[in-house]
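Thanks for coming. I will go through a few places in one model, so please have the sequence and the structure open.

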Amino acid sequence: MDTITTERKEQGSTRRSILQLLRRYGEMTALELSEHLRIGAVGIRQHLAILERDKLVSVSGLRRQIGRPSNLYVLTPEAEARFPKQYDRLVLDLLHYLEHIGGAMVLEEVLEQRHERMLQEFSPHLADKSRREKVETLANLLAAQGYMCEWVEEDDGSFVLTEYNCPIDCVARKYSQICLQEERLYEALLGAPLVRESSIACGEHCCRYRIPV
C-alpha cells in the first residue's frame with residue numbers, strides 16, 4: 001500500500017471518529033475534539049472544514065470560556081446516513097396501513113409481538129447474572145444492534161444506560177409506543193424499573209436510562 005493511500009485511509013478514519021464523537025456528545029469544540037483524538041487542533045480544524053464542506057457538520061453556536069469564544073460543532077441531518085439504520089420508508093407505510101385498517105389495537109398487538117420476540121431473543125443472554133452483569137450484557141446486545149450503547153455504574157450503586165444512536169428513530173418519532181415498548185423490554189430483562197432521562201425521538205442527542213439502586 002502506497003503512502004498516499006495510507007494517508008487517505010487515516011484521514012477518513014479521523015473524520016469518522018469526529019462524527020462519532022459529535023453523535024455521542026451532541027456538540028463539541030475543535031479543542032475538545034483535539035483532546036479526545038489526541039490530534040493537534042489545527043489538524044482537527046482542517047478535518048472539520050472538510051466535513052462542513054461535505055455538509056456533515058455545522059456550527060451551532062459559541063462556547064464562551066476564558067479567552068476567545070470557540071465554535072460549537074454539531075452533526076447535520078445529512079450525517080444521519082453515516083450511522084446504522086435498520087428501517088426505511090416501507091416500515092412507516094406498513095405501520096400506518098395497519099393502524100388505518102385495524103385501528104390502534106392492531107398496531108399495539110404488532111408492537112407487543114415485537115416486544116415478546118426481543119424478550120425471548122435477549123433473555124437467555126441475561127439469565128442467572130448479577131444486576132451489573134445484566135446491564136453490561138444488555139448494553140453489548142444493544143450495541144450489536146446499532147444503538148451505540150454504553151453503560152456506567154454510579155457511586156451510589158445505580159446504573160446509567162446510554163444509547164447514542166437509535167436505528168429506528170424515524171419510526172419512533174412517529175410512533176412513541178415503540179419507545180414505551182423498549183423501556184418495558186429493558187425493565188423485564190433487567191428485572192428493575194427504569195427512569196428515562198432523555199430520548200432521541202424527542203429531539204435530544206441520546207436516549208438515557210437510569211436504573212436505580
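Start with Glu78, which, leaving aside its neighbours within four places in sequence, is in contact with Lys55 and Leu56. Contact here means heavy atoms within 4.5 Å. Glu78 sits in the loop between strand S2 (70-75) and H4. Helices (H or I, at least four residues) and strands (E, at least two) are DSSP runs, numbered from the N terminus. Glu78 and Asp54 are 24 residues apart in sequence, and their C-alpha atoms are 9.2 Å apart in space. The relative accessible area of Glu78 is 45%, so this residue is partly exposed. On that scale, buried means under 20% relative accessible area, exposed means over 50%, and partly exposed is in between, with a 1.4 Å probe and protein chains only.

A word on the source. This is a predicted model, in which local features need pLDDT of at least 70 and side-chain atom pairs count only at pLDDT 80 or more, while totals for chains, interfaces and linings use all residues. Residues are numbered from 1 along each chain as its sequence is written, and side-chain values use heavy atoms, with hydrogens and water left out.

Next, the helices. Two packed helices are described by the angle between their axes and the distance between the axes. Axes are lines fitted to C-alpha atoms, for helices over the stretch in contact, and angles run from 0 to 180 degrees between N-to-C directions.

How do the axes of H4 and H7 cross? Helix H4 (residues 89-126) and helix H7 (residues 177-190) have axes that come within 10 Å and cross at roughly 30 degrees. H4 and H7 are therefore roughly parallel to each other. The cut-offs are under 35 degrees for roughly parallel, over 145 for roughly antiparallel, 65 to 115 for roughly perpendicular, and oblique for the rest. The crossing of H4 and H7 is right-handed; that is, the near helix is turned clockwise from the far one by less than a right angle, with anticlockwise being left-handed. Among the residues making the contact are Leu111, His115 and Phe122 of H4, and Gln181, Arg184 and Leu185 of H7. By class, the contact of H4 with H7 has 11 nonpolar, four polar and five charged residues. Ala, Val, Leu, Ile, Met, Phe, Trp, Tyr, Cys and Pro count as nonpolar, Asp, Glu, Lys and Arg as charged, and the others, Gly among them, as polar.

Take His115, in helix H4. His115 is buried, at 5% relative accessible area. Beyond its neighbours within four places in sequence, His115 is in contact with Gln181, Arg184 and Leu185.

H7 also packs with helix H5 (residues 131-144), at an angle of about 140 degrees and with the axes 10 Å apart. That makes H5 oblique to H7. On the H7 side, the contact is made by Tyr186, Leu189 and Leu190.

Last, the aromatic pairs. How many does a search of the whole structure find? Two. Rings of Phe, Tyr and Trp (its six-membered ring) pair if their centres lie within 6.5 Å; planes under 30 degrees apart are stacked, over 60 edge-to-face, and the rest tilted. The rings of Trp151 and Phe159 have centres 6.1 Å apart and planes at 45 degrees, so this pair is tilted. Tyr186 and Tyr209 have ring centres 5.3 Å apart and planes at 85 degrees, so their pair is edge-to-face. Tyr186 lies in helix H7 and Tyr209 in strand S6 (residues 207-211), so the pair ties together parts 23 residues apart in sequence. Tyr186 is buried at 1% relative accessibility, and Tyr209 is buried at 2%.
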